[in-house]
Amino acid sequence: MASLLQDQLTTDQDLLLMQEGMPMRKVRSKSWKKLRYFRLQNDGMTVWHARQARGSAKPSFSISDVETIRNGHDSELLRSLAEELPLEQGFTIVFHGRRSNLDLMANSVEEAQIWMRGLQLLVDLVTSMDHQERLDQWLSDWFQRGDKNQDGKMSFQEVQRLLHLMNVEMDQEYAFSLFQAADTSQSGTLEGEEFVQFYKALTKRAEVQELFESFSADGQKLTLLEFLDFLQEEQKERDCTSELALELIDRYEPSDSGKLRHVLSMDGFLSYLCSKDGDIFNPACLPIYQDMTQPLNHYFICSSHNTYLVGDQLCGQSSVEGYIRALKRGCRCVEVDVWDGPSGEPVVYHGHTLTSRILFKDVVATVAQYAFQTSDYPVILSLETHCSWEQQQTMARHLTEILGEQLLSTTLDGVLPTQLPSPEELRRKILVKGKKLTLEEDLEYEEEEAEPELEESELALESQFETEPEPQEQNLQNKDKKKKSKPILCPALSSLVIYLKSVSFRSFTHSKEHYHFYEISSFSETKAKRLIKEAGNEFVQHNTWQLSRVYPSGLRTDSSNYNPQELWNAGCQMVAMNMQTAGLEMDICDGHFRQNGGCGYVLKPDFLRDIQSSFHPEKPISPFKAQTLLIQVISGQQLPKVDKTKEGSIVDPLVKVQIFGVRLDTARQETNYVENNGFNPYWGQTLCFRVLVPELAMLRFVVMDYDWKSRNDFIGQYTLPWTCMQQGEPAPLAPGQYPSSGCLPNAVLLPLPGYRHIHLLSKDGISLRPASIFVYICIQEGLEGDES
């Protein structure tokens, strides 16, 4: 169980001091700053804290949950306390997912540096671990948790407790037999390698062993030719060569002798199946693989709603952290609601609510810093401006001065375009979406010559192309309609809107007759869904030449989300989500944009890019080819507890498979539950789905803990596009090969090419490795136009 991490824990001075522990102040707000004692545990993977130096400690965080460490100068919270706390002594721990940051203040600059260097070293070590190293570390973590008296040995009583922690309900006699077999020193305890052997016996996977032996002549190893047979016959890697099989052996065989002899042991075979080469997500879809030279309106664009919020939209906190998190997860369109602020500085918040306020210039500075850390493709600032003339001028100045060359302030070639530019042409550019006076007129604005009012003709133009107000704006406007006119648009801000001029939507006919390709309309989810039902094909055609943005209903005061799939089906490009809110809807969004390098742009299917498309999302017809997906859900591995605080509770897992696509394709099926086994449950059940429009379908696997008294509890999930599933060559499906219902009973098992592991994610989208489910999949093509 020795590793580079263990070596560092005994030699690195920073880590040694962190293991001794240090007092630091935990900072939550200006009024909440409390002393806590933090200590890195001996496993090097967890940090615990206590209220007193020798007090009762409890877990604070795991190193695997840490994304990065920022110094005090880069902390929004600590900067607000700069007058009372020295920034050099502070630092922020940023976690993956939606977990709040942890702001700490050390007693000295030196102690802050010790923790910052040490934590970054540990994060880098964890990030660089391969599959085997992660498994070794995972085992080390369990050993630490099971070794209750921390003597480096594990008694059978401790092993029994550990089995419950690991979600295993096992016969005591059988568990004791495994324990005795692993206790080669006959000491009555397990140490180091003995525990590893106990774990291997515990996790022996009969279904994988049987598969291995079916291709192995001696049951001990796979020769190069035997492994090649497996890849071609079962994984349907028809173009697989001996060279590729040899490369996989070199990559996954743990023993040097096996590599030299060009053979794959059972451990190597299992390592291959659990790797990215055995993953359900096709590795070819992970990098940027799509054509990025088409106009912007030909892409689905990862978009955020109320990006500044990290909570609900009534009382939630506004923070630049919302922009950081959205941009780092590949979001390419962020929303900025701007209002008049004190001292002439515009502020960002959810108007007429109790949400906190942040400075507009801080938002712009954050976007400038983080816009292109994850993706080089363009970022869109969706401005909802409610400011006076003077503060609009301030907005324009901040955008120009802070963004500099990143800001697109003129058309690419200096002349009126005939179509929107492509993501490739707009690399590392930030575009402003908002109201604009005209695009054709060159309104070069000089601040010293500006008048505080627009002429009547310009005001009329601005009024004509007023953006459709979101619900909270509409209420305000209705209230104030008699009191004052709408805010006047400042030419300085107008001139920064180049390709994304906001216009109100009246009808598809009106858009065709009066609007241009560089104009964009916003739709509430309610209006967009109604239009899809009433005029689905017109909406599809509209989105082939003009951008559409859809935003959540104003009634979603808890910042919940709608399902984006229905809007993508109509070709809507910017389907804005409350990214701070976890759940099924965000799982679908995250899964959809996991492809194409996670760059935030996904090319729409060709039938959503054709301006004469006949596609109707509610009534899809030929020439689409129906496909049948056969999934044998075989087994699960190391599923986490739903409630980690209850040592005695063990999950009863079941697997639910969901399809999201056009209405006719949306479906769900599930397996039976396995009682009292979250460690290595076996299902062996086959599920079947017919899908008419696979190009739009999303596939979601959810593992639930069965509960007959209430709703099943969520354990983990994984969501991916249908087109990104890794499987063998599609097999033709003969008429009559499946029942008329389109579903296969569990008793019918067709040959299913492709063994794949599905590595589960938490509600927040964080990896739950090594938790996974093992499946056997095949996609079979039906007859053209067959919609039965």
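1. The chain folds into 23 helices and 32 strands; these are DSSP runs numbered from the N terminus, with helices (H or I) of at least four residues and strands (E) of at least two. This is a predicted model, in which local features need pLDDT of at least 70 and side-chain atom pairs count only at pLDDT 80 or more, while totals for chains, interfaces and linings use all residues. Residues are numbered from 1 along each chain as its sequence is written, and side-chain values use heavy atoms, with hydrogens and water left out.

2. Of the 788 residues in the chain, 56% are buried (under 20% relative accessible area; exposed is over 50%, partly exposed in between; 1.4 Å probe, protein chains only). The chain exposes about 34,200 Å², with 48% supplied by carbon and sulfur atoms (Shrake-Rupley method, 1.4 Å probe).

3. Taking contacts (heavy atoms within 4.5 Å) between residues at least 6 apart in sequence, 70% join residues at least 24 apart.

4. A surface patch of positive charge is formed by R28, K34, R51 and K58. K34 belongs to strand β2 (residues 33-40) and is partly exposed, at 38% relative accessible area.

5. L437 sits in the loop between β18 (430-434) and α17 (456-464). L437 is buried, at 3% relative accessibility. S494 is 57 residues from L437 in sequence, yet their C-alpha atoms are 6.2 Å apart.

Note on methods. Patch = residues over 30% accessible without salt bridge, like charges linked within 9 Å, V, L, I, M, F, W, Y side chains within 5 Å. Salt bridge = Lys/Arg side-chain N within 4 Å of Asp/Glu carboxyl O. Lys, Arg positive; Asp, Glu negative; His and termini not counted. Charge placed at Lys NZ, Arg CZ, Asp CG, Glu CD.
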